[in-house]
Each structure stands twice: as C-alpha cells, then as structure tokens.
Amino acid sequence: MVNISLISTLVKKEFIEVIRDKSLGASLFSILLFMGIFLFTTRERPSYLMNTFIPYISLIIGLIVGFSLSNSIVREKREGVIETILCSPMKLKELWLGKTLSISIMSAVIAVLSTCIILMLNNYEPDLTMIFYILFTVPFFILACIGLLSLIYFYLGMRQIQIANYILFISIFLILFTILKINITTEITWRTINIITSFSVTTFIITFYIIDYADIEKIILTLE
Amino acid sequence: MEQPVIIVENLVKKINDRFILNNISFNVERREIFGYLGPNGAGKTTTLRIILGLMRPTSGKALVLEGNLSKDINLRRKVGVILENDGLYNKLTAYENLDFYSRIYGVSNSSERDRRIKKLLDLVGLYDEKDKKVGYYSRGMRRRLAIARALIHDPEIVFMDEPTSGLDPEAKIIVRNLIFQLARERDVTIFLISHDLDEVERLCSRVAILVGGRIVALDTIRRLMHSLERRSIEITFKNMQDAMEVAKYLDNMGILYNLRGNSIRIFYQDSNISRVLKPLVMMGLKIIDIKGNVESLYDVYLKIVRGG
C-alpha cells in the first residue's frame, strides 16, 4: 500500500533539512520564551494547578513547533518541489505520510522534552496517568493535527494558506487565553486520555484514507 | 516500424467551460528532440501536465511508452522531468539532492548511486561544487543540477519545460549543449517546451506550434520554414528617384515590395529572383548595396502565431 523505504528516505531528508533550517532555532527560542513565562507565572501556584496546566502546555508547544515546521510544505509548493516529486514514483500518500511523520516526530520530541523540563524545574512528580499522557497521548494528538494540517496545506492556494495560518494562530491564542483566564480544575484522568487518544487515532486514520481519494489536479492548480 | 514513445490523441482540456486544449494530437518518436512552442497561455504546460499524469484530460488520451503515467507508477521510473522550477531542496547539497532523488527512483544500491551521482555531477560540470548547499547556487548551476536530477535514474524520455529560461547567454549555451549531448550520446528522447526559438531551431528535429489550445503547425523545422518561407532582398539605391522607379516596375510585375527612402525590400518566391534583378540591372540604376534575407524560425513562428 505504501512504500516504507520511500517514506523513510523522505523522513531522513526532512530531518537533515530541519536541522539546517534557521526556523527551527526561531521556534525553539519561542518555546524557551514561552516556558520562561510559564515557569515564572506558575512558581507560586499549588501543584494541582500544575496538573491542570501541563496537559495544555505540552499540546500547545507541540502544535506551535509542528505548525512552524509544516510551512515547509507551503515553501515546497511555491518552489515547485511538490510538483516534481508528484512526477516521481512517490505517491501523494507517501509524500503526505513522510512529511506528517517527520514533522510530528520532531514536534513531539520537543513538546515532551519541554514538558519534562517544566516538570523538573517545578519539582513536580507526575503520576502514571500524566506520564502516559505526555509520552503517548500528546504525540498522537500532534500526529493527528499535523496530518490534517498537511492535507489542508496540499489543497489550499497560497493566499488561502495565509488566511488559514491567521485563523489557526488566533485560535491557538484564544484557547490559551481561555485556559489561563477561567479556572479549569479538570485533571488528566484515564478517561480524558482515552477520549483524546481515540479522537487523535480516528482523525489520523480518516485523513490516511481520505488522501487516497485526493485529486492531484486540484493540488497542481493551487500552485498557480 | 517502432511505436512512437509519446502518443497524444484528440486531447481536450476544459476548465470552467473554457477550452485550454482543443483536440490536440501529435506523436514523438524515439531519440527525437521534439519542440513544443507557443505564446504564453497557449496550453503548453497543461499538455505537459496531462502527459505526466498531473492533470486529467476532459477527453482524449496521452500515452507515454504505451502507458499512462497517472496510473502506472513504475512507468515513471522511465521518465525524467525538468519543470519550470528546478525541484531542488535548497538546504541540501547537490550530492544530497541527487542522492535523495536516486533513492526515490529506486536506485537502491549505494555504490551504484554514488557512481551515478559523481558521473552526472561531472557531466553537468558541478563535481567541484557537490558539497555546496543548492541554496547558494546560481540560476545556471541550479538548471544544470536539475538536468542531472532528471537523469539520475537513466530515463528513456526527458520532459523539459523551458530549461534555459532566465539564464545568461553563457549558461544557456552550456545547458543547450547538455541537451544535445543527451539526445546524441544517451539516446534519450526529449520533449522540449521553450520560448527560445533560437534554441529550438538548433536542437529540435520537429516542432509543434500551439496557439489558443490548438496545434496550428506540426512538422520538421526545415519543412515548416520552407512552406512559409518568404525570401526577400533589400536593395539600396544612390537616390530615391531610382528606388521609386523600381517600385513602379515591381507594381507592374505584381511583385510584393516595401519602399523605405532610397531602399526597397523585394519579396520573392523560390528562384524567380533573377527575373526581378535582371531588368533592374538593365535599367542602369545606381545600386550602392544589396542584402539578402532568409527568414529564421522566429519569423516563421511569428507568422504562424499571428495567423500570417
């Protein structure tokens, strides 16, 4: 169905590109800034609040990095690389999967590491639920979101992508603002983990199958 | 007789009720350099995209090596592509770019990959720059690397969309020689879309001229030029009166001319120039210069495109 060797070639190439790209440094800097602000504002707070914030913080860090790295799809569309790749034996699905996996892996690694640093600096000892959430639920959620975002980026024209970027950014900030403003005390439980993981897996599987029916002509026409 | 490697039959493409391509048909033979010309918006890139399987035709068919590139993934291994953009990764070096594409095209043996990459980098004159990131390459170097990229899997056919566009004259000559070398030494069939008529005239054996989604001319360059050729001779006289006297004579003979001051440009067909020149010499007019003009592909192209 999909050629694993092609996908691993693409993932390896993406890693090399991201390491050499200055935009990764920029997103790491924003994360450090974000973490600094977060650590400063949560220093005096009780530990139950940490339990409330951590789930959101890890997701937001992962999504911001993923969002920033996904711009490589837009750049490659503009530079005609996607069109050249689509003329090769690599299928659209393999291209999508390679991009999604590489971006998600990098975003998830950064999100998990940043969360661990925040936890350590706050002397917070996570329970088994929290560990499972950070190590499995967060990466799956990031994978699902990046998969969906990549598919959207393939289909949208350059102008539409700019509009979508604004909408996404505003949404992330609104969510963050709402979380910080209202006093949510819901803790991460196995039930919430199940809901988020199921949602992520379902979204990813649906996107995985939708890409089979993707219209390459529509993608090509967005290049103009 | 050998089957053509590219067969395009009655190809129609409509987008929003507008005909982008209207009943296009042509064949490309093996080892041929086929030129595909036309003004902007004529439908050249759309034809290429349909042949490459990136767009669907509204009706008709486009076959490459008797197969359809949109359905047969393995067939794509026999085809190389250089589109308007180079399709190169700026953050990777030339070597890494070629390595990536060779893996994608299924060159699995690492020593074979290394051999091909080095050979091609040498061919396009970029061996010494192989470890430099492509983002630092000039436009000409990128174009040469794109040619190497398109050849990394040893294709039978290479599709090129304006390979020399935006290059300086020296880089154009290098790329042009490379294309010529490809067809000669590697037996590669080349489908060349170009705006550079000088390039097409030098490289292509046959051309198709596309205007408004229709093919208005399809032949060898020699035959096209012959069928539309309008030879002319420009004679400059010492004074204007002589030129006007000749104009009167040409009017009587029914010969087409263009009078400009003391110069007259006489248009003639085939070998009737002596019929025109002999009486002029007999008239004892003072001629100070005679220039002969043979039309280039550029003149023929303009005539066809403007419906002349």
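In chain A, take the contacts between residues at least 6 apart in sequence: 90% of them join residues at least 24 apart. Keep in mind that this is a predicted model. Chain A is built from nine helices and zero strands, while chain B contributes an open six-stranded sheet. Here's a quick tour, starting with chain A and then moving to the cores and the sheet.

**Chain A at a glance**

- Reading along the sequence, you get the pattern α-α-α-α-α-α-α-α-α.
- Of the 224 residues in chain A, 52% are buried.

**Nonpolar cores**

- As a bit of background, nonpolar side chains in soluble globular proteins tend to be buried together.
- The largest nonpolar core here counts 116 residues, and B:L52, B:F159 and B:F191 have the most contacts inside it.
- The top contributor to that core is helix 4 of chain B (residues 139-151), which puts in seven residues.
- Leaving aside residues up to four places away in sequence, B:L52 touches B:L69, B:V79, B:V81, B:L83 and B:F159, plus A:C87 from the other chain.
- There's also a second, separate core of 29 residues, with A:I61, A:I110, A:L119 and A:F141 among them.

**The sheet in chain B**

- The six strands of this open sheet line up in the order 5-6-7-3-8-9, and the pairing is mixed.
- Strand 5 (79-82) and strand 9 (214-220) of chain B sit at the edges; each has a single partner strand, so one side of each is left without a neighbour in the sheet.
- On average, neighbouring strands of the sheet are turned by 15 degrees against each other, ignoring direction.
- Strand 6 (residues 157-161) and strand 7 (residues 189-193) of chain B run parallel and are joined by five bridges.
- If you want one pair to look at, B:M160 has B:L192 in strand 7 of chain B as its bridge partner.

**Helices across the sheet**

- Helix 1 of chain B (residues 44-51) lies across strand 3 (33-37), strand 6, strand 7 and strand 8 (206-211) of chain B. Its angle to strand 7 of chain B is about 145 degrees.
- Helix 5 of chain B (residues 169-186) lies across strand 3, strand 6 and strand 7 of chain B. For helix 5, the angle to strand 7 of chain B is about 150 degrees.

Methods. Residues are numbered from 1 along each chain as its sequence is written. Chains are lettered from A and ligands numbered from 1 in the order in which they are written. This is a predicted model: local features need pLDDT of at least 70, side-chain atom pairs count only at pLDDT 80 or more; totals for chains, interfaces and linings use all residues. Side-chain values use heavy atoms; hydrogens and water are left out. Helices (H or I, at least four residues) and strands (E, at least two) are DSSP runs, numbered from the N terminus. Buried means under 20% relative accessible area, exposed over 50%, partly exposed in between (1.4 Å probe, protein chains only). Contact means heavy atoms within 4.5 Å. A nonpolar core is a set of buried Ala, Val, Leu, Ile, Met, Phe, Trp, Tyr and Cys residues joined through side-chain atoms within 4.5 Å. Two strands pair if DSSP finds at least two bridges between them. Axes are lines fitted to C-alpha atoms, for helices over the stretch in contact, and angles run from 0 to 180 degrees between N-to-C directions.
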